Amino acid sequence: MNGQSAALRRFEEILAAQQKRVAAMEAQGDFLDFATLSPIVIGVCGGDGIGPAITACARRVLAALLTPELDTGKVVFRDIEGLTIENRAACGQAIPPDVLAELKACHVILKGPTTTPRRGDPWPNIESANVAMRKELDLFANVRPVKVPAEGIDWAFFRENTEGSYAVGSLGVEVGGIAVDFTVTTDAGTERIVRLAFEHARKTGCRRVTAVTKANVIKTTDGKFLEIAKKIAEEYPEIAFDDWYIDIMTAKLVDTKRRRDFEVMVLPNLYGDILTDEAAEFQGGVGTAGSANIGKRYAMFEAIHGSAPRMVTEGRAQYADPSSMLRASVLLLEHIGFVERARRLERALDICLYEEKKIAVTGRDTGATCEQLSDYIMETMARLG
């Protein structure tokens, strides 16, 4: 009974925390207007593993693109240390308080990969720094584009970032050999991610939004997500809406006849994590994909892959592919209002990675270093004018 009582107390604590979170969501105002800011503060956080190497490359490219604004003080970079696994483990926290304070002093953050300990790892079982940052800064939308023109693929995934299976992933309970985790879906959280997906579709001229759930089996949480998506879809009559179950959706992304039909997809946290990794393979793998984590006050831009500590152990960090962080930089530039420069970087990436391919990163000394690839991309941007 003691174990059961503790489990019930845990559930009460989780419910109270989520009720408080919903109240905070409902009290939020509009999105931050970057046109009114001076300076725009870009925090640069290298993370750990290969993170510092590939983040440094992205910072260098961003600095080249934003030279006029950096010279006049309209934009400033702020380097943030302390999000390494070593420091987080020493503090016993996903994000140490002093690091969190530095992050909150920025408007947007360019973040390198960070290591998340697994059960049985030598590190303490601390929460994912990514999950913690998304919750602390309320970065509710994880936006991951995947584009392969030759295959007719032009997808934008809107993954809910603060709820679902990851919301309280470290707060499960185990009683008498029974382990239970929790999934959270709220009206307020679902409404804002679905609406953001439809607004993106309207702004970019997309004709279709697709919700992805498993509502036929997970009836309460996924059922709520789908029900709210259908309701909001009625407000956008010019945009077609449909829904698919996550299992068949993974198959349809491989279906060369059907996958061209998809444009904007909105989905709960866990499904978004899985599906976007699959989708990234069409673009060249998770090492090529970046993502945006969007909230009303803050935004964070990162690679979708992990920190690859083995590459560091084997002395190969300098050969890591920075493409993911550079794709994230495209999204960062768009978010803070430099759309033309975002397009220039995106075009340079396409030329270097898919068209000319004068050099390639292989992850080993058989290929280019991340710095050499960055040089190539900057040279290409210069050619584009």
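At 51% relative accessibility, Lys357 counts as exposed, where exposed means over 50% relative accessible area, buried under 20% and partly exposed in between, with a 1.4 Å probe and protein chains only. Lys357 lies in the loop between helix 13 (339-355) and helix 14 (370-384); helices are DSSP runs of H or I with at least four residues, strands are runs of E with at least two, and both are numbered from the N terminus. The model is predicted, so local features need pLDDT of at least 70 and side-chain atom pairs count only at pLDDT 80 or more, while totals for chains, interfaces and linings use all residues. Residues are numbered from 1 along each chain as its sequence is written, and side-chain values use heavy atoms, with hydrogens and water left out.

Backbone geometry is considered next. Most residues other than glycine have a negative phi, and most peptide bonds are trans. Lys357 is not a glycine, yet has a positive phi of about 50°. Ala308, also not a glycine, has a positive phi of about 45°. Ala308 is placed in the loop between strand 12 (299-303) and helix 11 (309-313), and counts as partly exposed because its relative accessibility is 28%. Ser38 and Pro39 are joined by a cis peptide bond with an omega of about 5°. Pro39 belongs to the loop between helix 1 and strand 1 (40-45).

Two packed helices are described by the angle between their axes and the distance between the axes. For helix 1 (residues 2-26) and helix 7 (residues 187-204), the axes come within 9 Å and cross at roughly 40°. Axes are lines fitted to C-alpha atoms, for helices over the stretch in contact, and angles run from 0 to 180 degrees between N-to-C directions. Helix 1 and helix 7 are therefore oblique to each other; angles under 35 degrees count as roughly parallel, over 145 as roughly antiparallel, 65 to 115 as roughly perpendicular and the rest as oblique. Arg21, Val22, Met25 and Glu26 of helix 1 meet Ala188, Gly189 and Arg192 of helix 7, contact meaning heavy atoms within 4.5 Å.

The largest nonpolar core has 69 residues, and Ile42, Val266, Phe301 and Leu345 have the most contacts inside it. Such a core is a set of buried Ala, Val, Leu, Ile, Met, Phe, Trp, Tyr and Cys residues joined through side-chain atoms within 4.5 Å. Helix 12 (residues 323-335) supplies the largest share of this core, seven residues.
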